[in-house]
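Subject: Structure for you to look at

Hello,

Here is the structure I promised to pass on. Please open it and keep it beside this email as you read.

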Amino acid sequence: MKKRKFILGLLLIVLFTIFEIKGIDLSKITLDINSEKTNQNTTEPTIDEIEITEFKDSDLKVYYIDVGQADCVLIQNNNENMLIDAGNNEDGEKLVKYFKKLGITSFKYVVGTHPHEDHIGGLDDVINSFDIGTILLPDTYTTTTTFMDVLDAIDNKNMTFTVPKENDKYQLGEANIDILYSGVDVEDLNDASIVIKLTYGSNKFLFSGDATTKVEKQILNKDLKVDVYKVAHHGSNTSNSAKFLEKLNPKYGIISCGKDNSYNHPHDEIVNRLEKRNIEIYRTDKLGTILVTSDGVNINISSFKTDTNG
């Protein structure tokens, strides 16, 4: 045992010596040691080995943050930050702590895709805790305490929110952001979801909140081809139609959902649909927080545990 520890220690010394010689910044190295195996008969990847990845400020980083049965996506490029949704109410303080740990002091954009608690629950904490450039919300309304808390936080900052319009464009570092849809539905708030396509170099990402098949039909005529798709509505069968997935044709599907959730998300029907299209599935309930990085050509995916699920 002592001999094994000695050898391991010697290997670590050699490894870090090599890093110093090559001038690698250790603060930008992520270790992925997630060893949880998924069903070998699915297209869900297994991560069994330590991955050492060096990130540059110019790389696009997309964090699909583990907030249980909720949504939260952090996007970074060239020292600019964008947040899409902020989990449940109880996730807010944990998210603020995590963002500060990452060194974040401001967000260029904060987006609440639609006013359901599992998407905007922690938004007031974020707005109250950071400098915010632009807040994007759909043109819809609800009288829930959660939504009122968000409006109060905006008011306390002497800010107003912006209602994006279809085909609006924004810029985050070198990444282009296109608004494909922004709804007004008050009967089904899911269909008020802001749908965002992000392009960085040749890599494309889609974020569609909880938009249902009704919205999917309305945007089928748009350029929807993407590499990474955040599977809508936590993998619900009210979204993610076969035609929509065919148009997207993604290589990777990220599902944000809670372990053993009462909705049985993701639904088996959707998982099977993704698998039939050979889409690699990554799930926060199994892997924790999922980090997708891009240099504009190549995509790398890793995962790790974060204390962000309240």
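One caution before the details. This is a predicted model.

Now walk along part of the order. Strand 7 (residues 131–136) runs parallel to strand 6, and five bridges join them. Look for Val110 there: its bridge partner in strand 7 is Ile135. Strand 6 (residues 106–111) also runs parallel to strand 5 (residues 80–84), with three bridges between them. Here Ile84 stands opposite Val111 of strand 6.

Strand 3 (residues 60–64) and strand 15 (residues 289–294) run antiparallel, joined by five bridges. In this pairing, Tyr63 has Leu291 of strand 15 as its bridge partner.

**Helix 2**

Go back to strands 5 and 6. Together with helix 2 (residues 92–101), they make a β-α-β unit. The unit is right-handed.

Which residues of helix 2 are buried? They are Gly92, Leu95, Val96, Tyr98 and Phe99. Seen down the helix axis, the buried residues fall within an arc of 165°, so they line one face of helix 2. Turn to the other side of helix 2 and you find Glu93, Lys97 and Lys101, which are exposed.

What do the buried residues of helix 2 pack against? Their partners include strand 3, strand 4 (73–77), strand 5 and strand 6. Helix 4 (123–129) and strand 16 are also among them. Just after helix 2 comes Gly103, with a positive phi of about 85°.

**Aromatic rings**

Next, the rings. A pair of aromatic rings is described by the distance of the centres and the angle of the planes. The count here comes to nine aromatic pairs. Two of them are worth a look.

One is Tyr64 with Phe207. Their centres are 6.2 Å apart, with 25° between the planes. This pair is stacked, since planes under 30 degrees apart count as such. Tyr64 lies in strand 3 and Phe207 in strand 11 (residues 203–207), so the pair ties together parts that are 143 residues apart in sequence.

Tyr229 belongs to strand 12 (residues 228–230) and Phe244 to helix 7 (residues 242–248), so the pair ties together parts that are 15 residues apart in sequence. Both Tyr229 and Phe244 are buried.

Last, find the cluster. Ring pairs link Tyr98, Phe99, Phe107 and Phe130.

Best wishes

Terms used: Residues numbered from 1 in each chain as written. Predicted model: local features only at pLDDT ≥ 70, side-chain atom pairs only at ≥ 80, totals over all residues. Heavy atoms only, no water. Pairing = 2+ DSSP bridges. Helix = DSSP H or I, 4+ residues; strand = E, 2+ residues; numbered from the N terminus. Right-handed = clockwise from strand over helix to strand, strands pointing away. Buried < 20%, exposed > 50% of the residue type's maximum accessible area, 1.4 Å probe, protein only. Arc of directions from axis to C-beta. Contact = heavy atoms within 4.5 Å. Phe/Tyr/Trp six-rings, centres within 6.5 Å; stacked < 30°, edge-to-face > 60°.
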